[in-house]
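Here is a short briefing to read alongside your structure. Take a look at the model, and then let's walk through a few of its features together.

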Amino acid sequence: MRHATPWPHRRAWIVLTLWLAGMLAGGALIARTGFSTDLSAFLPARPDARQRVLIEQLQNGVAARTLLVGIDGGDAAQRAQASRTLAAALRDSGRFDQVQNGDRSPGSGEWAAAGTWLVEHRYQLSPAVTPERFSVAGLRDAIDETLSLLGTPAGNAVKPLLERDPTGEMQRIAESLIPASAPRSEEGVWVARTAPRALLLLTTHAAGADLDGQADTVAQVERAFAPLAAQGLTLQLSGAPVFAVHSRAQIEHEAIQLALVGSLVMGGLLLLAFASLPALAVALLPVATGIVAGIAAVSVGFGTVHGFTLAFGSTLIGEAVDYAIYYLIQARGAAAPGGGWQRWLKDNWPTVRLGLLTSVCGFAALAFSGFPGLAQLGVFSMAGLTGAALATRFVLPVLVPDGAAGRGLRQSMGRWAGAVLRRLPRLRVAFFLLGAAALLLLATRSEPLWRGSLSSLSPVPPAALALAEQLRADLGADTARTLVVATGADPQAALRAAEAAGQRLDALVAQGLLAGYESPARLLPSVATQRARQAALPEAAELRERLLQATAGGPLKPARLEPFIAEVQQARGMAPVERAALDGNPLASAVDALMLPRRDGGWSALIALQPGPTELGAERLRATLQGLGGLEVVDIGLELNSLYGSYLQEAFLQALLGAAAVLLLLALSLRSLPRLFAVCLPLALAVLLTLAGLALLDVALGILHLVGLLLVVAVGSNYALFFDQIQNTPTHDAAGVPALVSDDTLASLLLANLTTVASFGLIALSDIPALSAIGRVVAPGALLALLLAAACSRPLRLERAA
């Protein structure tokens with residue numbers, strides 16, 4: 001009789017073809033996937049009005065598009081000339097909405113065009129244009145004030161416009177646009193206050209979320225400066241675009257580096273254990289499958305993959321390789337006629353499958369988070385672990401039906417593990433006492449343990465942040481900490497609300513409680529305001545008569561003011577200025593930075609407040625603006641802290657839901673309260689002791705530490721379930737003594753734990769705080785999980801492998 005061939009051999013080509021097709025499809029999908037590193041992925045997907053402002057500012061606001069440039073070296077004249085040369089090159093590149101360096105000389109670029117436009121529309125834009133200003137008394141006072149400026153440094157700007165603008169409307173517009181804190185000038189350009197450095201302020205055309213565009217823009221600045229470096233000058237470049245570009249590069253570099261180094265370390269451990277290159281190659285297949293499956297799933301679900309998610313892929317290596325180790329060693333130990341894979345599927349796969357399901361349940365709650373970054377980590381973990389486990393279940397039996405061919409140190413590892421693990425139950429009481437001490441430590445701790453912040457997710461080094469703060473201070477470009485958001489159904493409604501808020505804010509500026517504020521309504525008043533100003537302009541005959549009386553006895557004769565009368569008449573008939581009129585004008589970017597379309601179809605006008613000598617709280621501002629509709633006061637620092645707090649609170653809730661799902665799954669699978677308790681106890685103790693260790697080190701815990709604890713449970717559940725399997729196999733005698741445990745089973749647990757601890761130990765050394773946080777939690781937590789699973793079990797009876 002002809003015996004049937006085991007199915008892995010008969011269907012090998014089907015399994016391998018499907019697996020290879022899936023890997024190729026996933027790889028093709030990943031190749032077309034975009035990656036991002038902006039922190040807005042860790043903000044709510046469905047924000048409220050104030051949160052929406054923060055997200056829009058992080059993605060496309062002016063702060064996200066601002067580059068701060070410093071030029072060091074040489075003398076003042078060299079730095080000034082380099083500033084002008086660099087500014088001209090950057091303006092010609094077309095990559096910037098604004099290039100500012102303080103140069104007001106003729107032909108200095110965009111300022112000439114902006115000045116011409118402002119002069120043409122001054123009577124629609126000047127806040128001083130009222131009926132009273134164009135009365136006889138008003139004209140007299142305005143003309144006298146303008147004439148008094150002729151003997152001052154401002155006279156050079158006033159004199160050319162005297163006969164066209166005797167009331168000084170351009171002076172009023174200029175005053176309203178002067179920032180509260182302007183940079184110092186030297187040699188006609190901006191310079192630092194505390195260092196020999198020329199300064200430039202750039203606004204990129206590329207959106208903050210367009211990292212490819214921002215990378216090209218940063219490279220453009222470096223290329224434009226390259227010829228100047230030969231003169232002994234040095235470029236200092238900072239700002240959100242630089243941080244975003246460098247963060248992406250760092251995350252990608254570290255993800256690749258950690259994957260390579262982790263693979264080498266694990267490869268070395270596997271070679272020592274198996275002494276077989278084929279076994280090593282096969283062991284890495286589930287890892288590769290898991291990473292491809294995880295990234296592809298995130299790409300399909302979210303469209304883009306965040307850099308943290310990509311870097312998080314290196315953490316998957318530590319657990320995904322465990323599945324391969326269990327199979328390669330345990331199938332070898334179970335080898336029998338017909339293939340060790342059959343025995344492994346029967347005896348060990350149910351335990352691995354249950355461990356997988358508990359891990360998936362733990363991370364499933366994160367997948368439904370309202371924060372895209374957290375949801376991505378949940379989806380990645382679920383898909384990655386599932387892909388790795390399925391590759392172990394279906395692909396490995398085809399390639400190595402009897403497990404790993406080599407032995408290496410596998411037997412020795414089994415003996416070492418047996419010698420240690422069978423003694424651990426004697427230390428059970430000591431572990432329980434440690435757990436009680438840890439619980440007491442956490443319960444009596446005065447300072448909150450979970451006090452991480454959103455900034456802890458950023459990989460930007462402190463030196464880069466310090467340079468940015470120094471350049472901002474020198475430029476007087478400190479980021480506004482408080483915003484007033486005026487909303488409306490259309491741009492005009494938003495501008496009218498901003499103008500109403502501005503009238504109240506002007507009172508605070510007059511009282512010295514605010515240093516100033518920036519509002520889009522200053523450059524682009526509402527149509528209603530413009531028409532009111534135009535209505536205040538008198539007809540030619542009336543204006544001529546009033547000028548005759550206002551200039552009587554003065555040095556300025558009425559006959560010289562005919563150009564003024566003509567331009568006033570022209571302004572009376574002008575169409576109101578709307579946003580489209582600014583196209584091609586460098587002032588457009590200043591308006592666009594503060595006028596934002598909303599997702600609901602409405603518009604927001606942002607009013608950025610410059611704080612005065614004393615801090616003006618958000619509540620005082622709300623009281624000042626009370627009664628005006630369509631206004632929100634956003635304290636950026638408080639909002640970010642509030643967001644992170646709600647982010648962490650939601651993550652805790654989801655972790656609890658995941659833990660409840662894991663408990664329910666284990667209860668349904670084990671069908672025994674004592675067994676359920678025995679499996680969960682070591683996991684709870686491992687988490688408790690890990691938290692206590694972090695508390696002793698005074699680590700400020702955040703969201704990624706929580707993700708690390710979920711990984712501890714995911715990894716540790718496999719150990720606990722294997723010990724449960726060992727304790728509950730059929731007994732050999734009536735006394736209930738457990739079945740013999742082979743060295744191979746213990747060797748698989750020890751090797752799986754070593755690879756996990758080694759891979760997460762490497763991650764703990766990462767320069768990216770988010771990754772190191774995960775590594776510092778999982779490396780000790782996974783080791784504790786194995787030790788505690790052994791300590792909480794009954795003593796083992798060891799069977800030596802043949």
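Which residues make a nonpolar surface patch of about 330 Å²? In this predicted model, the patch is made by Ile256, Leu260, Val261 and Val265. Ile256 sits in helix α11 (residues 240–274) and counts as exposed, at 53% relative accessibility.

**Salt bridges**
- The count of salt bridges comes to 17.
- Arg164 and Glu567 pair through their side chains, at 2.6 Å from N to O. Arg164 lies in the loop between α8 and α9 and Glu567 in helix α24, so this pair ties together parts that are 403 residues apart in sequence.
- Arg164 is partly exposed, with a relative accessible area of 33%, whereas Glu567 is buried at 18%.
- Arg579 and Asp592 form another salt bridge, at 2.8 Å from N to O. This one links Arg579, in the loop between α24 and α25, with Asp592 in helix α25, 13 residues apart.
- Salt bridges with shared partners join Arg122, Arg164, Asp165 and Glu567 into one network.
- Within helix α14 (residues 340–347), Arg343 and Asp347 lie four residues apart, about one turn of the helix, and their side chains meet in a salt bridge at 3.5 Å.

**Helix α16**
- Helix α16 covers residues 372–399 and reaches 38 Å from its first C-alpha to its last, close to the expected 40 Å.
- The helix bends by about 35° at Thr392.
- Of the 28 residues in α16, 22 are buried.

**Cysteines**
- The disulfide count is zero.
- Cys361 is partly exposed at 23% relative accessible area, while Cys680 counts as buried at 18%.

Technical notes: Residues numbered from 1 in each chain as written. Predicted model: local features only at pLDDT ≥ 70, side-chain atom pairs only at ≥ 80, totals over all residues. Heavy atoms only, no water. Disulfide = S-S within 2.5 Å. Buried < 20%, exposed > 50% of the residue type's maximum accessible area, 1.4 Å probe, protein only. Helix = DSSP H or I, 4+ residues; strand = E, 2+ residues; numbered from the N terminus. Expected span 1.5 Å × (residues − 1). Bend = angle between axes of the 7 residues up to and from the residue. Patch = residues over 30% accessible without salt bridge, like charges linked within 9 Å, V, L, I, M, F, W, Y side chains within 5 Å. Areas by Shrake-Rupley, 256 points an atom, 1.4 Å probe, with all protein chains shown as cover. Salt bridge = Lys/Arg side-chain N within 4 Å of Asp/Glu carboxyl O.
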